[in-house]
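Colleague: I would like to learn how to read the features of a model like this one. Please take them one at a time, with the general idea before the case.

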Amino acid sequence: MMMTALQRLIEELEGDASLHEPNKLRQRIEALDRLDAFNLEVSPLVAATAAATYHCAKALQAKLEASNLEVYEAIRRDIRQR
């Protein structure tokens with residue numbers, strides 16, 4: 001959920017081209033404060049967590065594919081034997 005909130009904030013800030021105008025200092029400071037609330041200093045840990053989640057999903061996918069392969073091989077054996 002926190003990553004989703006951060007992603008939404010990034011999209012919001014990137015979508016506001018006026019933030020780069022010289023007279024928007026206050027808005028930039030406020031944007032930086034909002035970003036600081038996510039403690040971006042621990043971003044490597046967030047990335048590691050996302051990577052771990054990705055690897056777990058890939059491992060689950062491989063297990064499910066292996067189970068499917070067993071079923072497919074059983075069907076092939078049944079076809080050959082009949």
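Modeller: A salt bridge here is a side-chain nitrogen of Lys or Arg within 4 Å of a carboxyl oxygen of Asp or Glu. In this structure the side chains of Glu12 and Arg34 form one, at 2.9 Å from N to O. The pair links distant parts of the chain, 22 residues apart, with Glu12 in helix α1 (residues 2-14) and Arg34 in helix α2 (residues 25-36). This is a predicted model, where local features need pLDDT of at least 70 and side-chain atom pairs count only at pLDDT 80 or more, while totals for chains, interfaces and linings use all residues. Residues are numbered from 1 along each chain as its sequence is written, and side-chain values use heavy atoms, leaving out hydrogens and water.

Colleague: How many salt bridges does the structure hold?

Modeller: The structure holds one.

Colleague: Is Glu12 buried, exposed or partly exposed?

Modeller: Buried means under 20% relative accessible area, exposed over 50%, and partly exposed in between, with a 1.4 Å probe and protein chains only. Glu12 has 42% relative accessibility, so Glu12 counts as partly exposed. Arg34, at 38%, is also partly exposed.

Colleague: How many helices and strands are there in the protein?

Modeller: Both are DSSP runs numbered from the N terminus: helices are H or I with at least four residues, strands are E with at least two. The protein has three helices and zero strands, in the pattern α-α-α along the sequence.

Colleague: Which residues make up the largest nonpolar core?

Modeller: A nonpolar core is a set of buried Ala, Val, Leu, Ile, Met, Phe, Trp, Tyr and Cys residues joined through side-chain atoms within 4.5 Å. The largest one has seven residues: Leu6, Leu9, Leu13, Leu19, Ala31, Leu35 and Phe38. Helices α1 and α2 each supply at least two residues of this core, and the largest share, three residues, comes from α1. Of the protein's 82 residues, 9% count as buried.

Colleague: Which residues is Leu9 in contact with, leaving aside its neighbours within four places in sequence?

Modeller: Contact means heavy atoms within 4.5 Å. On that basis Leu9 is in contact with Arg34, Leu35 and Phe38. Arg34 is also the salt-bridge partner of Glu12.

Colleague: Where does Val71 lie, and why does it count as partly exposed?

Modeller: Val71 lies in helix α3 (residues 43-81). Val71 is partly exposed because its relative accessible area is 45%.
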